Amino acid sequence: MIEIRKLPASAGAEWLLSGIALLRRAPLALGLLGVIWGLAALLALLMGALNPTLGMLAQLLLGLAGPLLFGGLVWAVREVDQGRVAQPSHLLQGLHDGRAPRLLVALLPQVLVGLALGALALVVVGQSGWEQLGTVMNQLNELGQSSAQPDPAQVEQLVATLPAMRILLWLLMVFVGFVAVTLTLFVLAPQVMFDGRGGLAAMRNSLRACLHNLPAMLVFFVLAFIAMFALYFALVLVILLVQALAGPTIAALVAQLLLMALAMPALAGAVYAAWKQMFVHDGDAAPAVPPPPSNVFAA
C-alpha cells in the first residue's frame, strides 16, 4: 500500500505558492495551455448558440475531456519543474499509454454525487418546494424590475412562503457532496500520469491522503479562495479597460481566456506539489537514522 505522509497545516500554503511559482517560471508556455482549454470551452458555447443540439454535444465532449486535459496540464507542470519546456502537445499526454480510461474514472464520483443530489432535491425539498421557489424568484424579479421601491414587508412575506429549512438542508448536502468529490479527486491526476495507478486506486489514495492532511487541505482551499477573489477583481479592471476599447463581447472573451491562462496552470501546479509531498515516492531519500547513543561505560 502506498505510504502517505502527515504534513503540517502550512503545507497547504506551500502547495498554492508552488503552483504560482511554477506558473511564473513559464508564464507563456503554461498560460498558452490554459488559453487552449479556454478556447475549446468558448467554441462549445459558440456551437450552442448556433445549434442547441450540437452545442449540448460539444459541452458533453468537453466535460469528458476535462480530466484528460487536466492530466495533460499536470504533465506540463512537471516538465517545467524538471527544467524542460511545456508544449501544447502535453495537453494530449492523458491519451497516451492507456491513461485515458483511468483519468475518465474521475467522472464517476461526479456523476454519482450529481444523481444522488438530484434525488435528494426531490426527497428533501419536494417538487412543490422547487415550484414555490421558482414562483417567488419570478415575483422578486418583477419587484426588482419595477420602478417602485420594493416593499420590505412584501418581500419578507414572499420569502416566508418558502420551505427555507429544507432548502438549506439540501444546500448543506450539496456542500458535503462537493467536499467529498474534491477530496476524492484532488491528487488523482498525478497518480495516474506519473505513478501509473488505476483510477479507482488513485481515488482511494487521494481520499485517504486528503483526510490524513485535512488541516493542510483547509489552509489550501481558504488561500485559494482568497487568491481567486483577488484574481477576480484584477480581471474586473481588465474587463473595464478592454470594454472601453473594444466593447463588452471582446472584454468577456479576454477575461475568460485570462482566467483559464492563470487559474488552471496554477491549480495544476498546486496539485502536483501536493502529490509530491503527500506520498512517499520511489527514489525519495530515506529518513536519516540517528546514531546509537555512545556507551559512556566503555573503556
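Modeller: Happy to! Keep in mind that this is a predicted model. Let's begin with helix α3, at the residue that caps its N-terminal end, N51. A side-chain oxygen of N51 lies 3.0 Å from the backbone nitrogen of T53. From there, α3 runs over residues 52-81, which makes 30 residues. Its first and last C-alpha atoms are 42 Å apart, close to the 44 Å expected at 1.5 Å a residue. Along the way, α3 bends by about 40° at G66, and the proline P67 follows within four residues. Just after the helix comes G83, with a positive phi of about 85°.

Helix α5 covers residues 107-125, and its 19 residues should span 27 Å at 1.5 Å a residue; the end C-alpha atoms are 26 Å apart, so the two values agree. Which residues of α5 are buried? They are L107, P109, L117, A121, V124 and V125. Viewed down the axis of α5, these buried residues fall within an arc of 155°, so they line one face of the helix. Here is a handy idea: an α-helix has 3.6 residues a turn, so residues three or four places apart point the same way. On the other side of α5, L115, L122 and V123 are exposed. Finally, α5 is followed by G126, whose phi is positive, near 85°.

Note on methods
Residues numbered from 1 in each chain as written. Predicted model: local features only at pLDDT ≥ 70, side-chain atom pairs only at ≥ 80, totals over all residues. Heavy atoms only, no water. Helix = DSSP H or I, 4+ residues; strand = E, 2+ residues; numbered from the N terminus. Expected span 1.5 Å × (residues − 1). Bend = angle between axes of the 7 residues up to and from the residue. Polar contact = N/O pair within 3.5 Å; in protein donor to acceptor, adjacent residues only side chain to side chain. Buried < 20%, exposed > 50% of the residue type's maximum accessible area, 1.4 Å probe, protein only. Arc of directions from axis to C-beta.
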